[in-house]
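Reader: I want to learn to read salt bridges, cavities and hairpins in a model. Please take me through them.

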Amino acid sequence: MRLLVVEDDRDLNRQIATALAQAGYAVDRAYDGEEGWFLGDTESYDAVVLDLGLPKKDGIAVLKEWRAAGRAMPVLILTARDRWSDKVQGFDVGADDYVAKPFHIEEILARIRALLRRATGHASSELMCGPVRLDTRSGRVLVDGNQIKLTSHEYRLLSYLMHHAGRVVSRSELVEHLYDQDFDRDSNTIEVFVGRLRKKLGIDIIQTMRGLGYVVAEPDADQRAARNGKPDAAKTS
């Protein structure tokens, strides 16, 4: 998942971005409204953390222009303003959630997880596909109850595919959502990460759709039977 943090307080921006990166997200940063608006208008983000009191362009104006242009990514507003009217205005122009300063970083992380779950149609913080379970709170991935160690890029890839389970995701979409702005993006590396993931998971829930991309789906009967050490009942009956 790729996120954007738009906050003019550089220390706070760094703290939020660092916490999000440690939680397994790719993170871009902007320090004023004009830069934030441009990035949100031209790049693909899964969610945005947006301060209201920005220089050059106010956060409300930024959000209003994004929504007018059809940019539908979830937006979490940060603000030192505590008037109920400011909150109402933020929601009315398209905010999805609201946090007043000061706040705990853990709250930002929890609210971002909730926004991403709702945006992709998941009710639980645990994503499951066959024997594979991904806990978005802890960043742990388990197969048959056993934890699997993944690199940050492997985790991002699996997380994005599992958030969008059942939908074919193209390589170009994966590149747009897995890497931050400064990363040297190469779609060929996606195949390498997929190969590593399949090997580590030990079961092929990531299916290749030739010419289209990848999709996470439940393992077929043959894979389940082989994993359980039993012949496929349908074939032996």
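Author: Start with Arg 133, which is partly exposed, with a relative accessible area of 24%. Buried means under 20% relative accessible area, exposed over 50%, and partly exposed in between (1.4 Å probe, protein chains only). This is a predicted model: local features need pLDDT of at least 70, side-chain atom pairs count only at pLDDT 80 or more, and totals for chains, interfaces and linings use all residues. Residues are numbered from 1 along each chain as its sequence is written, and side-chain values use heavy atoms, with hydrogens and water left out.

Reader: Which residue does Arg 133 meet in a salt bridge?

Author: Side chains of opposite charge can pair when their charged atoms come close. The cut-off for a salt bridge is a side-chain nitrogen of Lys or Arg within 4 Å of a carboxyl oxygen of Asp or Glu. Here Arg 133 meets Glu 126, at 2.9 Å from N to O. Glu 126 is partly exposed too, at 26%. Shared partners join Glu 126, Arg 133, Asp 135 and Arg 137 into one network.

Reader: How many salt bridges does the structure hold?

Author: It holds 17. One of them joins Asp 96 to Arg 67, with the closest N and O atoms 3.0 Å apart. That pair links distant parts of the chain, 29 residues apart. Asp 96 sits in the loop between helix 4 (84–92) and strand 5 (97–100), and Arg 67 in helix 3 (residues 59–68). Helices (H or I, at least four residues) and strands (E, at least two) are DSSP runs, numbered from the N terminus.

Reader: What separates Arg 111 and Glu 107 in helix 5?

Author: About one helical turn, because they are 4 residues apart. Their side chains meet in a salt bridge (2.9 Å, N to O). Arg 111 has 27% relative accessibility, and Glu 107 has 29%.

Reader: Now cavities. Which residues line the largest cavity?

Author: On a 1 Å grid over the protein atoms alone, a cavity is a set of points where a 1.4 Å probe fits but cannot get out; lining residues have an atom within 4 Å of a point. The lining includes Met 1, Tyr 25, Arg 113, Thr 136 and His 163. Helix 5 (105–120) and helix 6 (152–163) each give two or more residues to that lining.

Definitions and conventions. On a 1 Å grid over the protein atoms alone, a cavity is a set of points where a 1.4 Å probe fits but cannot get out, and a pocket is an open set with protein on both sides within 12 Å along at least five of seven lines; lining residues have an atom within 4 Å of a point.
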